Amino acid sequence: LVKLLLLMVVDQNFLKVKKTLVTIFLFLLCVNYSFAENLNFKKIVNLKSSWGSTFISDTELLITEKSGKIKLINLNTINISSVNHNLNYLEHGQGGLLDILFKDDFVYISYTENRGDWKTSTSIAKSKFNKKNLIFKNIFQANPPIDSGYHFGSRLAIKGNFLFASAGERGQGMIAQDPTKHPGSVIRINIDGSIPKDNPKFKGKSDWLPEIYQIGIRNPQGLTLSPFDGKIYMSNHGARGGDWFGEAKKGENYGWKILGWGGTNYSGTKIGPKWKEGFTKAIKYWVPSIAVSAISIYKGNEFKEWNGSALITSLKDMSLRKLDFSDIENVKEDVIFKNQIGRIRDIQVNSTTGKIYFLSQDALWEMQKK
């Protein structure tokens, strides 16, 4: 749009409409960023390499730090306490402690498990909740373990008795097309770790591992259950471009690394088409990349006009974006803010107040209306 306007401005044939076009362009910019003027940002606490968060009550959050710590934060008193745990984790590259989820007095966590000789996996463990000490037991391991510090994913979501998790492809590319291996897939297991009887393996995909729900994923760092339509939605890092937001769909394939989703390799070489028939089509793509991270489908009173919209956070772009995807043929995107709180790793909505909480790289933030 900028290039088009510049060409039109310098062309003598368009001098008469120059003022109108510039006015329209400035109006579009204002629409995209006008939300930030009506928001308050409050830093709650400083953290170190914060990664995942979950409400255990209206006033308390459990938070993971990639370096291996689990912290309990009281939003009223701003008291911070460390929670002991027994996880056999390894902080390696992008790996360490990842997502955390509280549900019905149990805590679920995804983490980089130390499998020996620098081999690791995106693993999931479960513990009865305790404010001082969490005794975790593994309920899933992504196999095979791989010597790589890249692309672990990983987010968690619970729908009924099903636990969904995203497992990155560990920088191995075409492994995401191999359903006999877990990396590069969406996992669905029962909350006790057992296998659902209607997973794809038992419904026509006999060569798939029993835990796999969908394949063809690269580095999925957003996963959430919509409180409106009951569907699981996810976000995924592309390579050099090609981030996306879409729905997790049973037995389907998002196409990595056959598809490039509009991006290229970091070397600049082409990967593949944005999309082609036979693969799952995302709801929204970003080219160039915004380094999309955690997501949420908003439901609350603080920003009630956003109800049903997807809130998309990003690392490189340091932005919050709102997607109205009620019509997937005409997705509407607003940039709510940029460069306010740094690189954004996670997002949580307080179900009682509707206020929104973010984990930046090194802090917990609250966002509310002015």
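How many of the residues of strand β12 (residues 162-167) are buried? In this predicted model, where local features need pLDDT of at least 70, side-chain atom pairs count only at pLDDT 80 or more, and totals for chains, interfaces and linings use all residues, the answer is 5 of 6, so that the strand is mostly covered, buried meaning under 20% relative accessible area, exposed over 50% and partly exposed in between, with a 1.4 Å probe and protein chains only. Residues are numbered from 1 along each chain as its sequence is written, and side-chain values use heavy atoms, with hydrogens and water left out.

Strands here are DSSP runs of E with at least two residues, while helices are runs of H or I with at least four, both numbered from the N terminus; two strands pair if DSSP finds at least two bridges between them. On one side of the pairing scheme, β12 joins β11 in the antiparallel sense over 5 bridges, with G153 standing opposite A167 of β12. These two strands form a hairpin with 2 residues between them, and G160 in the turn has a positive phi of about 60°. Strand β12 also pairs with strand β13 (residues 185-190), again in the antiparallel sense, over 6 bridges, and here L163 has I189 in β13 as its bridge partner.

The side chain of R155 meets that of D99 at 3.1 Å, N to O, and the pair links distant parts of the chain, since R155 belongs to β11 (residues 153-159) and D99 to strand β6 (residues 97-103), 56 residues apart. R155 counts as buried because its relative accessibility is 2%, and D99 likewise counts as buried at 4%.

The structure holds 16 salt bridges, and another of them joins K181 to D178, with the closest N and O atoms 2.9 Å apart. K181 is partly exposed, at a relative accessible area of 29%, and D178 is partly exposed at 22%.

A further salt bridge brings K338 and D317 together, the closest N and O atoms being 3.2 Å apart. Because K338 lies in strand β22 (residues 332-338) and D317 in the loop between β20 (310-314) and β21 (319-324), this pair ties together parts that are 21 residues apart in sequence. K338 is partly exposed, with a relative accessible area of 27%, whereas D317 is buried, at 15%. Both residues belong to a network of salt bridges that also links K284, R321 and E333.

Methods
Salt bridge = Lys/Arg side-chain N within 4 Å of Asp/Glu carboxyl O.
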